[in-house]
Amino acid sequence: MATPVASSPSASSSPITPVLPTYARADISFERGEGAWLITPTGERYLDFGAGVAVNALGHAHPKLIAALTEQAHKVWHVSNLYEVEGQKALAQKLIDLTFADTVFFANSGAEALEASIKMARKYHAASGHPERFELITFEGAFHGRTLATIAAGGQQKYLDGFGPATPGFVQVALNDIAAVKAALTDATAGFLIEPVQGEGGIREASKEFIRQLRALADEHGLLLIFDEVQSGVGRTGHLYAYQDLGIEPDILATAKGLGGGFPVGACLATAEAAKGMTPGTHGSTFGGNPLAMAVGKAVLDEVSQPSFLENVRRVSGRLSQGLTMIADEYPGVIESVRGRGLMLGLKCIVPNTDIQKALMGKGLLTVAAGDNVVRLLPPLIITEDEAADAVSRIEAVCADIAAQLADKKEA
Ligand code: PLP
């Protein structure tokens, strides 16, 4: 029999904010955006090097995205997946033409794209006569979302605490440690789930060699290689998808964030073989593949997939990394090193990363804190070299201030 409790949850009268307080928000809001800039209701301009956590790939208020969204809004907003949706076919075909994939499932977020990927991997083995193969090997520092399965996949205790037993089916090993991966293989292993560059974990890169070894291991044992490119995808690393610089291909890939440029959309890309178990009725979503999302996603990809666009990401990235490396060299007591690829860069800090992030905000530069004491720089992919130089000088000013404060403290 259940132990009686003093009061039921409904009897509680503790005050709570109208919006459930699950976020530690900064005390600032923005009324509008223009390109790489966000503007407050009182007209203060902030250079946006967070881009909604790697979402606003084309910046704010991009004319082509506004046109795509409004054009579709005048036609039809939603019809459900009971019918054919032409926009889904167009965006799926575009993704197929540009990647390893043969087929695409549309969702509304990164975590949902991951859920589809995880389910697909399990179903693949079930359809191959091995339902016992349901476990994915994931990597320390990972972040795959906030649903029950994706917090289990990410394996971070702070996200698991208090939510009951972790969803089974995930084992975690150290990143870039192929011996640990081999030791973790069992008859239950279904495959590997990895971010080519960890975002929330602190812009930590899986080495090219490690990813090639995972591919080889997957081929040898009939396992699936799943990439989580929710943050690293859609041009962020200077390639449409980070895997395209590695010389190997995954079986399944989750993408979201930049794909909608600010409109919620996610997708699970897969080979025909990996997707073979996903027959009618096996998975679904009311909003997934919504016509508005499809129209915007197609407009984003039309821009980002142009070679000149990606070339520009790499060029601006080069200038930005160069400036940041000089700052790290000049202020070794503040910044330890610069990490990352393309416009997915991280400052590994010596002083607390949140101090630097707050100070940068005070200087009009928005950034995002990450694990491993890193400040992430995730600007819109359309930033100019001048905007990159502007960010570098703001970062330098903050580092100079902090270095001076540290010197004062030492003297005192
Ligand atoms: N995977 C990665 C690598 C991410 O960075 C994120 C979000 O930050 C997710 C998955 C989850 O995406 P969402 O917040 O859209 O569910």
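Me: In strand 15, which residue is the bridge partner of Asp48?
Reply: This is a predicted model: local features need pLDDT of at least 70, side-chain atom pairs count only at pLDDT 80 or more, and totals for chains, interfaces and linings use all residues. Residues are numbered from 1 along each chain as its sequence is written, and side-chain values use heavy atoms, with hydrogens and water left out. A strand here is a DSSP run of E with at least two residues, numbered from the N terminus. Across from Asp48, the partner in strand 15 is Leu366.

Me: In which sense do strand 3 and strand 15 pair, parallel or antiparallel?
Reply: Strands of a sheet pair through backbone hydrogen bonds, in either sense. Two strands pair if DSSP finds at least two bridges between them. Strand 3 and strand 15 are joined by two bridges, and the sense is parallel.

Me: What is the order of the strands in the open sheet of four strands?
Reply: Strand 3 (residues 45-48) also pairs with strand 2, antiparallel, over three bridges. Strand 2 (residues 37-39) in turn has three antiparallel bridges to strand 1. The pairing in the sheet is mixed, and its order is 1-2-3-15.

Me: In strand 3, which residue is the bridge partner of Ile39?
Reply: Ile39 belongs to strand 2, where it stands opposite Arg32. In strand 3, its bridge partner is Arg45.

Me: Which residue takes a positive phi in the hairpin of strand 2 and strand 3?
Reply: This hairpin has five residues between the strands. The phi in question is near 90 degrees, and the residue is Gly43.

Me: Near what value is the positive phi of Gly342?
Reply: Gly342 sits in the hairpin of strand 13 and strand 14, with two residues between the strands. Strand 13 (residues 335-341) and strand 14 (residues 344-349) pair antiparallel over six bridges. Gly340 stands opposite Leu345 in strand 14. The phi of Gly342 is near 55 degrees.

Me: How many charged residues are in the shell around the ligand?
Reply: The surrounding residues (a heavy atom within 4 Å) are Ser109, Gly110, Ala111, Phe143, His144, Gly145, Glu195, Glu200, Asp228, Val230, Gln231 and Lys257. Asp, Glu, Lys and Arg count as charged; Ala, Val, Leu, Ile, Met, Phe, Trp, Tyr, Cys and Pro as nonpolar; the others, Gly among them, as polar. The shell has three nonpolar and five polar residues, and the charged ones number four.

Me: How far is an N or O atom in the side chain of Glu200 from an oxygen atom of the ligand?
Reply: Polar contacts here are pairs of N or O atoms within 3.5 Å. For the side chain of Glu200, the distance to a ligand oxygen is 3.3 Å.

Me: What share of the ligand's exposed area does the protein bury?
Reply: Accessible areas come from the Shrake-Rupley method with a 1.4 Å probe. Taken alone, the ligand exposes 390 Å². The buried share is 81%.

Definitions and conventions: Polar contact = N/O pair within 3.5 Å; in protein donor to acceptor, adjacent residues only side chain to side chain.
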